[in-house]
Amino acid sequence: MHSFTTDEGLALVYPWVRGEVLYHPTRSRHGGRATPGSPMARFRALPIVRIQAALESVLSAHLAVEQAGLVAVDFYDGCMLYDFGEHRMTLCDLDEYRPGPFTLQADRLPGSTRYMAPEEFSRGSLIDIRTTVFNLGRALRLLLDAGDDETRWRGTPAQLAVIERATAPEPERRWPSVRSLTDAWHAAA
(Lines give C-alpha, C1' and ligand atoms only; values in the text may rest on other atoms or scores of the structure.)
Protein backbone atom coordinates (compact mmCIF):
# COMPACT_ATOMS: atom_id res chain seq x y z
CA MET A 1 0.00 0.00 0.00
CA HIS A 2 2.82 2.37 0.87
CA SER A 3 6.57 2.53 1.35
CA PHE A 4 8.93 4.94 3.02
CA THR A 5 12.61 5.14 3.87
CA THR A 6 13.97 5.10 7.40
CA ASP A 7 17.52 5.45 8.72
CA GLU A 8 17.73 1.65 8.59
CA GLY A 9 16.30 1.18 5.09
CA LEU A 10 13.07 0.77 3.20
CA ALA A 11 9.84 0.12 5.10
CA LEU A 12 6.81 -1.41 3.39
CA VAL A 13 3.22 -1.03 4.54
CA TYR A 14 0.89 -3.88 3.60
CA PRO A 15 -2.89 -3.93 3.90
CA TRP A 16 -4.10 -5.51 7.15
CA VAL A 17 -5.28 -9.08 6.72
CA ARG A 18 -6.53 -11.68 9.16
CA GLY A 19 -4.37 -14.69 9.74
CA GLU A 20 -1.58 -16.25 11.73
CA VAL A 21 2.05 -16.45 10.68
CA LEU A 22 2.80 -20.13 10.16
CA TYR A 23 6.15 -19.76 11.89
CA HIS A 24 7.45 -16.78 13.82
CA PRO A 25 11.21 -17.31 14.31
CA THR A 26 11.61 -14.90 17.22
CA ARG A 27 8.72 -16.43 19.17
CA SER A 28 8.97 -20.09 18.23
CA ARG A 29 12.60 -21.20 18.47
CA HIS A 30 13.58 -24.87 18.64
CA GLY A 31 10.69 -26.97 17.42
CA GLY A 32 7.97 -24.34 17.46
CA ARG A 33 6.61 -25.57 14.15
CA ALA A 34 5.82 -29.00 15.57
CA THR A 35 4.44 -27.84 18.90
CA PRO A 36 0.81 -29.02 19.21
CA GLY A 37 -1.50 -26.07 18.72
CA SER A 38 1.11 -23.97 16.88
CA PRO A 39 -0.07 -22.38 13.62
CA MET A 40 2.14 -24.71 11.57
CA ALA A 41 0.94 -27.84 13.37
CA ARG A 42 -2.68 -26.74 12.92
CA PHE A 43 -2.05 -25.95 9.24
CA ARG A 44 -0.44 -29.34 8.61
CA ALA A 45 -3.43 -31.05 10.24
CA LEU A 46 -5.87 -29.48 7.77
CA PRO A 47 -7.49 -31.65 5.11
CA ILE A 48 -5.26 -32.02 2.05
CA VAL A 49 -7.69 -30.03 -0.11
CA ARG A 50 -7.24 -26.97 2.16
CA ILE A 51 -3.46 -27.29 2.11
CA GLN A 52 -3.46 -27.69 -1.69
CA ALA A 53 -5.51 -24.49 -2.04
CA ALA A 54 -3.07 -22.61 0.19
CA LEU A 55 -0.12 -23.92 -1.82
CA GLU A 56 -1.87 -22.78 -4.98
CA SER A 57 -1.91 -19.23 -3.56
CA VAL A 58 1.84 -19.41 -2.89
CA LEU A 59 2.58 -20.63 -6.42
CA SER A 60 0.24 -18.10 -8.01
CA ALA A 61 1.90 -15.22 -6.17
CA HIS A 62 5.29 -16.37 -7.39
CA LEU A 63 4.09 -16.52 -10.98
CA ALA A 64 3.52 -12.77 -10.60
CA VAL A 65 6.97 -12.41 -8.99
CA GLU A 66 8.52 -14.20 -11.95
CA GLN A 67 6.54 -12.07 -14.43
CA ALA A 68 7.86 -8.94 -12.69
CA GLY A 69 11.47 -10.11 -13.14
CA LEU A 70 12.09 -10.64 -9.45
CA VAL A 71 13.59 -13.52 -7.50
CA ALA A 72 12.65 -14.61 -3.99
CA VAL A 73 15.05 -13.78 -1.18
CA ASP A 74 14.26 -14.72 2.43
CA PHE A 75 11.08 -16.62 1.58
CA TYR A 76 10.06 -19.12 4.26
CA ASP A 77 7.06 -20.06 6.43
CA GLY A 78 7.43 -16.80 8.37
CA CYS A 79 6.22 -15.04 5.19
CA MET A 80 2.96 -16.98 5.17
CA LEU A 81 -0.18 -15.92 7.02
CA TYR A 82 -3.02 -18.39 7.13
CA ASP A 83 -6.57 -17.40 8.05
CA PHE A 84 -8.00 -20.57 9.58
CA GLY A 85 -11.55 -19.17 9.54
CA GLU A 86 -11.61 -18.17 5.88
CA HIS A 87 -9.05 -20.77 4.75
CA ARG A 88 -6.95 -18.21 2.93
CA MET A 89 -3.17 -17.94 2.56
CA THR A 90 -1.61 -14.49 2.35
CA LEU A 91 2.07 -13.72 1.85
CA CYS A 92 3.83 -10.97 3.78
CA ASP A 93 7.32 -9.68 4.55
CA LEU A 94 8.51 -9.89 0.96
CA ASP A 95 10.80 -6.87 1.20
CA GLU A 96 13.95 -8.83 0.29
CA TYR A 97 12.74 -9.86 -3.19
CA ARG A 98 15.16 -8.49 -5.77
CA PRO A 99 15.43 -7.96 -9.52
CA GLY A 100 17.07 -11.01 -10.98
CA PRO A 101 19.24 -12.57 -11.92
CA PHE A 102 22.03 -11.21 -9.75
CA THR A 103 25.39 -12.33 -8.40
CA LEU A 104 25.62 -12.86 -4.65
CA GLN A 105 28.02 -10.26 -3.27
CA ALA A 106 27.86 -11.47 0.36
CA ASP A 107 28.77 -14.74 2.05
CA ARG A 108 25.09 -15.73 2.09
CA LEU A 109 21.62 -14.36 1.56
CA PRO A 110 19.24 -13.81 4.47
CA GLY A 111 16.73 -16.55 5.09
CA SER A 112 15.79 -19.78 6.75
CA THR A 113 18.27 -22.56 5.95
CA ARG A 114 15.30 -24.96 5.65
CA TYR A 115 14.18 -23.12 2.50
CA MET A 116 17.44 -21.89 0.99
CA ALA A 117 19.11 -23.21 -2.15
CA PRO A 118 22.81 -24.15 -2.02
CA GLU A 119 23.79 -21.13 -4.13
CA GLU A 120 22.36 -18.79 -1.48
CA PHE A 121 25.34 -19.72 0.74
CA SER A 122 28.14 -18.98 -1.71
CA ARG A 123 29.59 -15.58 -2.59
CA GLY A 124 29.74 -15.13 -6.36
CA SER A 125 26.83 -17.50 -7.05
CA LEU A 126 24.18 -16.70 -9.60
CA ILE A 127 20.81 -16.12 -7.96
CA ASP A 128 18.02 -16.47 -10.50
CA ILE A 129 14.51 -17.82 -10.96
CA ARG A 130 15.81 -21.37 -10.42
CA THR A 131 16.71 -20.26 -6.89
CA THR A 132 13.08 -19.24 -6.42
CA VAL A 133 12.03 -22.63 -7.80
CA PHE A 134 14.14 -24.28 -5.08
CA ASN A 135 12.55 -22.07 -2.37
CA LEU A 136 9.08 -22.98 -3.62
CA GLY A 137 9.95 -26.66 -3.80
CA ARG A 138 10.97 -26.54 -0.16
CA ALA A 139 7.72 -24.74 0.74
CA LEU A 140 5.70 -27.41 -1.04
CA ARG A 141 7.66 -30.16 0.72
CA LEU A 142 7.49 -28.67 4.20
CA LEU A 143 3.85 -27.61 4.10
CA LEU A 144 2.53 -30.86 2.68
CA ASP A 145 4.35 -33.00 5.24
CA ALA A 146 2.71 -33.77 8.56
CA GLY A 147 5.86 -32.95 10.54
CA ASP A 148 9.24 -31.27 10.63
CA ASP A 149 11.18 -34.50 10.17
CA GLU A 150 9.93 -34.82 6.55
CA THR A 151 8.95 -38.47 7.00
CA ARG A 152 5.16 -38.09 6.90
CA TRP A 153 4.51 -36.97 3.34
CA ARG A 154 0.81 -36.32 2.68
CA GLY A 155 0.96 -35.71 -1.06
CA THR A 156 1.24 -38.07 -3.99
CA PRO A 157 4.41 -39.77 -5.28
CA ALA A 158 4.10 -37.68 -8.46
CA GLN A 159 4.06 -34.47 -6.42
CA LEU A 160 7.11 -35.61 -4.48
CA ALA A 161 8.91 -36.23 -7.80
CA VAL A 162 8.11 -32.65 -8.87
CA ILE A 163 9.55 -31.37 -5.59
CA GLU A 164 12.68 -33.50 -5.93
CA ARG A 165 13.43 -31.88 -9.29
CA ALA A 166 12.61 -28.40 -7.93
CA THR A 167 15.07 -28.89 -5.06
CA ALA A 168 17.94 -30.48 -6.98
CA PRO A 169 21.23 -29.17 -5.58
CA GLU A 170 22.40 -28.15 -9.07
CA PRO A 171 20.35 -25.26 -10.48
CA GLU A 172 20.55 -26.60 -14.04
CA ARG A 173 18.68 -29.76 -12.95
CA ARG A 174 15.73 -27.80 -11.51
CA TRP A 175 12.59 -26.66 -13.26
CA PRO A 176 13.72 -23.65 -15.34
CA SER A 177 10.91 -21.36 -14.18
CA VAL A 178 8.11 -20.93 -11.68
CA ARG A 179 5.71 -21.46 -14.61
CA SER A 180 7.23 -24.87 -15.43
CA LEU A 181 7.22 -25.87 -11.75
CA THR A 182 3.57 -24.82 -11.43
CA ASP A 183 2.57 -26.67 -14.60
CA ALA A 184 4.33 -29.83 -13.40
CA TRP A 185 2.70 -29.48 -9.97
CA HIS A 186 -0.76 -29.20 -11.55
CA ALA A 187 -0.09 -32.23 -13.77
CA ALA A 188 0.98 -34.27 -10.72
CA ALA A 189 -2.07 -33.38 -8.64
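## Basis

Residues are numbered from 1 along each chain as its sequence is written. The model is predicted, with local features needing pLDDT of at least 70, side-chain atom pairs counting only at pLDDT 80 or more, and totals for chains, interfaces and linings using all residues; side-chain values use heavy atoms, without hydrogens and water.

## The sheet and its helix

Three strands form an open sheet in the order β3-β5-β6, with antiparallel pairing. Strands β3 (20-21) and β6 (88-91) are at the edges with a single partner strand each, so one side of each has no neighbour in the sheet. Strands are DSSP runs (E, at least two residues), as are helices (H or I, at least four), numbered from the N terminus; two strands pair if DSSP finds at least two bridges between them.

Strand β3 is joined by 2 bridges to β5 (residues 80-83), and the two run antiparallel. V21 has L81 in β5 as its bridge partner. Helix α2 (residues 48-67) packs on the sheet and touches β5 and β6 (contact means heavy atoms within 4.5 Å).

## Aromatic pairs

The structure contains 2 aromatic pairs (rings of Phe, Tyr and Trp, the last by its six-membered ring, with centres within 6.5 Å; planes under 30 degrees apart are stacked, over 60 edge-to-face, the rest tilted). F43 and Y82 make an edge-to-face pair, 5.0 Å centre to centre with 75° between the planes. This pair links distant parts of the chain: F43 lies in helix α1 (residues 39-44) and Y82 in strand β5, 39 residues apart.

Note on methods: Axes are lines fitted to C-alpha atoms, for helices over the stretch in contact, and angles run from 0 to 180 degrees between N-to-C directions.
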